[in-house]
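Welcome, and thanks for taking a look at this one. Please open the sequence and the model side by side, and then follow the notes below.

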Amino acid sequence: MDNFFRRVWILVFIGLGVLIIWWARGALLSAGTLLLAGLTFGYLCSPVALFLEKRKVKPAFAAILAVLCGIVAVALFLVLAVPVIFRQAQALLLSLPQYLDVVATLLATLNAWLLDRGIIETAFTIDIAAQTQQIAQGIMRWSGTMVRVVPNGLARAILTPVIGFYFIKDRKWFIDRILHIVPLRRRHIAVNAGRAIHEVLRHYIGGQITVAAITGALTGIAFMLLGVEGFVVLGILMALCDLIPVVGPWLGAVPALAVAASGGLWLVALVGATIFLIQQLENTIISPRIVGSRAGLHPVVVISALFVGGGLLGVAGMFFSIPFVLVVRSVVRAVRQDRLYPEERK
């Protein structure tokens, strides 16, 4: 009877906990994204700290220098790249009606070709005015949202390096606290899983960022040589989209082809061929040398993870879905390894 009531109380507390989490889900999600941003910043800066610690620099001072390096890198990007991005983005927005008119002209030509050959019976059209108004309204909503979240964004910008600093400086303390939560007889599984997670994330995240940066730079330079308007914005957009596996390059190609349409079919063909060649270069030379076999995940798993992550957290969910899958896979493999080969326990 005592066990029955104990189980009932446990279920009651679990239910209350779920209700509290659901009620405070907005605040928990905000805090979780801030923590994730700080951990990501610290993780990206940690190689600098490890390099300095190997040269007998104290951990706290090494963490400070690593975070400062990260802040300087972000500041240089903001000072040097953001003004150019804004200028080119403004030019692209001002030319947006022209791009839509070109798309409508190309669509009319395609309609005529398909109708003449009897492939379709009714022409399909795009309401340019409605599309322009919809895009303008979206930009206005985004601008209003940005204005409202500026104070919150400034707080996050300050707190993110602080969290990253403590993550770097006290990483061993955090690891010890996590291990103490795990029962002693299962602690070796946690250690093996942690090592595997560190290795796979170090190679995947660092490699993906490097490959995306190279791909974006090559794309921007190629578009500059081709005379494509907004080549800096398009190159950065391609680099960001390249961080999303499988579907990312296709997403990044759409705005580039739309902008190139204002220069005629020949420029569209050149831009499309350039994107294709750069992607082939990435897949055959750049990525294998830097990332190796990448995540080693089946494309179906990757696409499923992207859709789930995007549905839950939007674009941020698409970026972090694959690392999350890699973490889960590392834990499952560590547990499976322990059960199949108990004699290899350390």
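**Where α7 meets α8**

In this predicted model, the α7 residues Q208, V211, A212, T215, G216, T219, G220, F223 and M224 make contact with F231, L234, G235, M238, A239 and D242 of α8. By residue type, this contact between α7 and α8 comprises eight nonpolar, six polar and one charged.

**Geometry of α7 and α8**

- The two axes, those of α7 and α8, cross at roughly 155° and come within 8 Å.
- An angle over 145 degrees counts as roughly antiparallel, so α7 and α8 are roughly antiparallel to each other.
- The handedness of the α7 and α8 crossing is right-handed.
- Helix α7 covers residues 187-226, and its end C-alpha atoms lie 57 Å apart, which agrees with the 58 Å that 40 residues should span at 1.5 Å a residue.
- Directly after α7 comes G227, whose phi is positive at about 80°.

**I221, a residue of α7**

- I221 sits in helix α7.
- Is I221 buried, partly exposed or exposed? Its relative accessibility is 46%, so I221 counts as partly exposed.
- Between the C-alpha atoms of I221 and V232 there is a separation of 8.3 Å, with the two residues 11 apart along the chain.

**Helix α8 itself**

- Helix α8 runs over residues 231-242.
- With 12 residues, α8 reaches 16 Å from its first C-alpha to its last, close to the 16 Å expected at 1.5 Å a residue.
- Which residues of α8 are buried? They are V233, L234, G235, M238, A239, C241 and D242.
- Taking burial and contact together, L234, G235, M238, A239 and D242 are among the buried residues of α8, and these five also belong to the α8 side of the contact with α7.

**Where α8 meets α9**

- Helix α9 spans residues 248-260, and it packs against α8 at an angle of about 160° with the axes 7 Å apart.
- That angle makes α8 roughly antiparallel to α9.
- The way α8 passes α9 is again a right-handed crossing.
- From α8, the residues L234, L237, M238, C241 and D242 meet G248, P249, L251, G252, A253, P255, A256 and V259 of α9.
- Sorted by type, the residues in this contact of α8 with α9 are 10 nonpolar, two polar and one charged.

**S330, in α12**

- S330 belongs to helix α12, which covers residues 315-340.
- Buried means under 20% relative accessible area, and S330 counts as buried because its relative accessibility is 8%.
- Apart from neighbours within four places in sequence, what does S330 contact? The residues are A193, A196, I197 and V200.

**K56, in a loop**

- K56 is located in the loop between α2 (25-54) and α3 (59-94).
- The phi of K56 is near 70°, a positive value in a residue other than glycine.
- K56 has a relative accessible area of 77%, so K56 is exposed.

**The chain as a whole**

- The protein chain contains 12 helices and zero strands.
- Along the sequence, the pattern reads α-α-α-α-α-α-α-α-α-α-α-α.
- Of the 346 residues in the protein chain, 29% are buried.
- Among contacts with a separation of 6 or more in the protein chain, 68% come from residues 24 or more positions apart.

Definitions and conventions: Residues are numbered from 1 along each chain as its sequence is written. This is a predicted model: local features need pLDDT of at least 70, side-chain atom pairs count only at pLDDT 80 or more; totals for chains, interfaces and linings use all residues. Side-chain values use heavy atoms; hydrogens and water are left out. Axes are lines fitted to C-alpha atoms, for helices over the stretch in contact, and angles run from 0 to 180 degrees between N-to-C directions. Helices (H or I, at least four residues) and strands (E, at least two) are DSSP runs, numbered from the N terminus. Angles under 35 degrees count as roughly parallel, over 145 as roughly antiparallel, 65 to 115 as roughly perpendicular and the rest as oblique. A crossing is left-handed if the near helix is turned anticlockwise from the far one by less than a right angle, and right-handed if clockwise. Contact means heavy atoms within 4.5 Å. Ala, Val, Leu, Ile, Met, Phe, Trp, Tyr, Cys and Pro count as nonpolar, Asp, Glu, Lys and Arg as charged, and the others, Gly among them, as polar. Buried means under 20% relative accessible area, exposed over 50%, partly exposed in between (1.4 Å probe, protein chains only). The expected span of a helix is 1.5 Å times one less than its number of residues.
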